[in-house]
Amino acid sequence: MSNSSTQLSAEPSTKLGMELIPHRSGWRTLLYKELLRFWKVSFQTILAPVLTSLLYLLIFSHVLESRVSVFDGRIRYTAFLIPGLVMMSVLQNAFANSSSSLIQSKITGNLIFVLLPPLSPLDLFAAYVVGAMVRGISVGLGVFLVTLWFAPIAPTHPLWALAFALLGSMILGVLGLLAGIWADKFDQLAAFQNFLIVPLTFLSGVFYSIHTLPPFWQTLSHFNPFFYMIDGFRYGFFGLSDVEPGLSLAVIAVSCCVLSALTLWVLKRGYKLRH
Amino acid sequence: MGAAVEIVDVARRFGAVQALSGVDLMVEEGEFFGLLGPNGAGKTTLISIVAGLTRADRGTARVLGHDVVTDYRRARRLLGVVPQELVFDPFFTVRETLRIQAGYFGLSNNDAWIDEILHHLDLASKADANMRALSGGMKRRVLVGQALVHKPPVIVLDEPTAGVDVELRQSLWGFIRKLNRDGHTIILTTHYLEEAEALCGRIAMLKAGKVVALDTTQNLLSSFAGLTVRLTAAALPDVWRERVLRHEGASYLLSLTSYAELESLLSALREHGVAIAELALQEADLEQVFLRIMKRTG
């Protein structure tokens, strides 16, 4: 027996337990677990999406570089494409991280290890969402680095770019958490991803400026919150955007607050987690 | 000694099923307490309510005086639960699993205790193996380790030895007994009634969401003192049918109040011309007590 065990047996039980209670939350460990989880399968979670984005860049820039003019020809189409692809990667991977982690834990039953400890709804929220943000931004950074070789661009307003990357990844991390809580099976989560997240990101101006669209589709694009994330992030690179970056920031900040409040309420109620 | 776990008027319904109907129960600090009942009796629901995994429709549950809903942080820190389902996280090794679980409780740098757990659960050689590579019995022992990793004063074991071989079961019980001697309160549910009889000082029996018996193991055994007969025969006279505790094919388990009743049984069998293929007398054990209580409260 080690000393710790001897010490254990010497104390009355209540004191024993209380003595070992630390005065810090376990959310940092849950965050560490979330990071370790995607890091252990980084071929699938980081390298694969970087490669996918690179293929988009190669194909779209090859086909459209000489045919599409954006922002009145002030920037090359390939350069225009890069921030969009980076942000799309950030958003899709942030969503994928929190949603897949939660649904896997629910289906395999190991979510119980997170539900038994004294983690508050805010602890769960913070760990899953920050984990999703780290994965999204890591993939986005990877995409940015590999695409530099095709069009060496740098953000002219880096704080704007950073603000949109952080808020965008947070929104998608929260949405992923919400979808993971709601879904009972992988099929439902795939439907959420394929019929909502992917169309909204593809139709948000990643591959085009909305000014090239007919008026009806331009108007419709303004109802797509993903458009503001992409457009604002692109402003951070070129100082050019389809709408005022302040408006975009306000739209996604409000969306982020509303979704976060809703998700915290859902976690507090224990909906589909604590029966 | 105060109450380690106090359950007052707890009820829970799942759709049409009333899983718990106003359960009252108090487990004293330092007890080795058994919670028995047939499948669907409400044992796991009750444990889930204490652990905060399920919410009660009414009533309260406290762990060492801390309400599991309003003061859940303290209540959960004081409780370790070994779940019934064999679940694990396939991304991690055994040691990572235990470290992460300790971290959820805000503990770090407790590798000495983790090493001790690994030693007692005979998992030291598997510390760096991925959870997927373990056998079912090993995974079950990791679950026990995860419940103990924050040294909780109250430990709930929901069917902890299912799928664990006899030798390891003995070493596991040796470890749990030591924890009980060290002052930890143990609450055990098991289908191995001989384990409950050997380990538990007090036992509650649940049936259809209600406590139908609650006493010390010794009192339960003595209050239902009597004999049982294992009889293998083609048929059983009708007057003896109400004494049947269990019946499978031609095998009957019958209760007798005294040895004198054995002669009555044999006479009845002779009168009806029933040939006895096999007959064995047994003293009452917890299994017989359990069967009688379940039958009595049928």
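## Contacts and fold of chain B

Two residues are in contact if their C-beta atoms, placed from the backbone, lie within 7 Å. In chain B of this predicted model, 69% of the contacts with a separation of 6 or more join residues 24 or more positions apart.

Chain B has 10 helices and 14 strands. Its C-alpha atoms fill a box of roughly 75 × 45 × 40 Å along the principal axes. Of the 298 residues of chain B, 44% count as buried.

## Two domains in chain B

Chain B splits into domain 1 (3–220) and domain 2 (224–296). The C-alpha centres of these two domains of chain B lie 36 Å apart. Their contact takes 10 residues from domain 1 and 8 residues from domain 2.

On the domain 1 side, α7 (193–199), β9 (202–207) and β10 (210–216) of chain B each supply at least two residues. α7(B) gives the largest share of that side, 3 residues. By class, the domain 1 side has 8 nonpolar and 2 charged residues, with no polar ones.

## Where chain A meets chain B

The contact between the chains takes 36 residues from chain A and 39 residues from chain B. On the chain A side, four helices each supply at least two residues: α1 (3–10), α2 (13–19), α3 (27–40) and α6 (112–115). The largest share of that side comes from α3(A), with 6 residues.

The side of chain A that touches chain B has 16 nonpolar, 15 polar and 5 charged residues.

Conventions. Residues numbered from 1 in each chain as written. Chains lettered and ligands numbered in written order. Predicted model: local features only at pLDDT ≥ 70, side-chain atom pairs only at ≥ 80, totals over all residues. Nonpolar A, V, L, I, M, F, W, Y, C, P; charged D, E, K, R; others polar. Buried ≥ 20, exposed ≤ 12 C-beta atoms within 10 Å, placed from the backbone. Domains from an automatic or database assignment.
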